[in-house]
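Please have the sequence and the model at hand while reading.

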Amino acid sequence: MARYRVLGLSFDHMHMGDLLRQVADHPQAEIVGIWDPDPARMAAAIAAFAIPPERVFTDLDACLAVGIEVGADLAIVCAAPARHAALVEAIAPTGMDVMVEKPFAASADEARRMIAAMAGRGRLAIDWPAAWNPGHVTARRLVAEGAIGALAEVHYTGGNRGPLFHRADKVAVSPEEVAREKPGSWWYSRAAGGGSLRDYLGYGATLGTWFLDGEAPVEVTCVVDAPPGLEVDEHSITVARYARGLSRFETRWGTLTDPWTIQPQPRCGFVLVGTDGSLSSYDYDGFVTLQTRAAPAPVRIPADTLPHERCGSVAHLLSGIAEAAPIEGPLDPALSLTGQRIIDSALLSAHEKRTVPLVP
């Protein structure tokens, strides 16, 4: 048996396939169990990773029991956001570390339930795939080093053609198949935590909080576009007022292209504005662009080469198990909670059509 043992719980989110691939590719890790109430949703992973039948479950308690029996180290949760809190509460007594795929939760109150459930037990981490983008990590380093002075504004654009246009490993799905799946998909259910705002605002709000060293905004204003026939938005713009200035976060489903193939316009990524300069870090570029007051001509800086344990969430968490290393950066639940509060405030602002103070 490998040194590290991992469970995969719920295939609501297509990122489960990507995360299980990280486990399968890790030289010291193995998948010891997967669970989903719908066997069909596990079929692709079973085939891709040669998972034997005795490690496949439709009963959560049975899967957790096997995890306890073999001493599983980590449970990966890829459920719809509205199911995160209940699943974490079910896992917590096992003592396993838990990694929840973004977004954190359906609300800040549910996020706090998750934090409380894990207190004194295993570690809790929230996976934001953008946290492993070398450009964004490089931008964070340059901000911390004072390259653009005091950071005053974070501007973020995130989105894709839509959540049903791709599977794990970014396998493309036809428009006809998307149309068939859309009416029954949790991504388009308000109660399940769907919508482009919930899908992408957490990236901007959470990494924005990371860039800003944990600072929270004072108030939030948000507008959304929910096309006729849908109960969730496909486009949102959020403006957050901080003590030091304004930041803007935009989310969108329905771009012409996906950013991992061809960057749409506006480009997906971050622009960071400081007192003495600015930085842009766009998804998948492999470099950041620096402009300063002293040297206004934009300069491209190659993205840092990240060590293995900083190239993905699974490797990062497994590397810290032996010493019970604290969860830091965007994965830290305390930092992610601030991002969740921004999401909750944006939802409230859009619903009430007014600017609102940051929710508690």
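Asp-199 is buried, its relative accessible area being 5%. The model is a predicted one, and it contains 23 salt bridges.

**Asp-199 and Lys-102**
- Asp-199 forms a salt bridge with Lys-102, with an N to O distance of 2.4 Å.
- The pair ties together parts that are 97 residues apart in sequence, because Asp-199 sits in helix H8 (residues 196-211), while Lys-102 belongs to the loop between strand E5 (97-101) and helix H5 (108-118).
- Lys-102 is buried as well, with a relative accessibility of 3%, and for Asp-199 the figure is 5%.

**Arg-267 and Asp-285**
- A salt bridge joins the side chains of Arg-267 and Asp-285 at 2.8 Å, N to O.
- This pair links distant parts of the chain, 18 residues apart.
- Arg-267 is in the loop between strand E10 (245-253) and strand E11 (269-274), and Asp-285 is in the loop between strand E12 (277-282) and strand E13 (287-292).
- Arg-267 is partly exposed, at 33% relative accessibility.
- Asp-285 is also partly exposed, at 21%.

**Arg-248 and Glu-250**
- The side chains of Arg-248 and Glu-250 form a salt bridge of 3.1 Å, N to O.
- Arg-248 is partly exposed at 27% relative accessibility, whereas Glu-250 is buried at 13%.

**Network**
- Salt bridges also connect Asp-12, Asp-36, Arg-41 and Arg-83 in a network.

Terms used
Residues are numbered from 1 along each chain as its sequence is written. This is a predicted model: local features need pLDDT of at least 70, side-chain atom pairs count only at pLDDT 80 or more; totals for chains, interfaces and linings use all residues. Side-chain values use heavy atoms; hydrogens and water are left out. A salt bridge is a side-chain nitrogen of Lys or Arg within 4 Å of a carboxyl oxygen of Asp or Glu. Helices (H or I, at least four residues) and strands (E, at least two) are DSSP runs, numbered from the N terminus. Buried means under 20% relative accessible area, exposed over 50%, partly exposed in between (1.4 Å probe, protein chains only).
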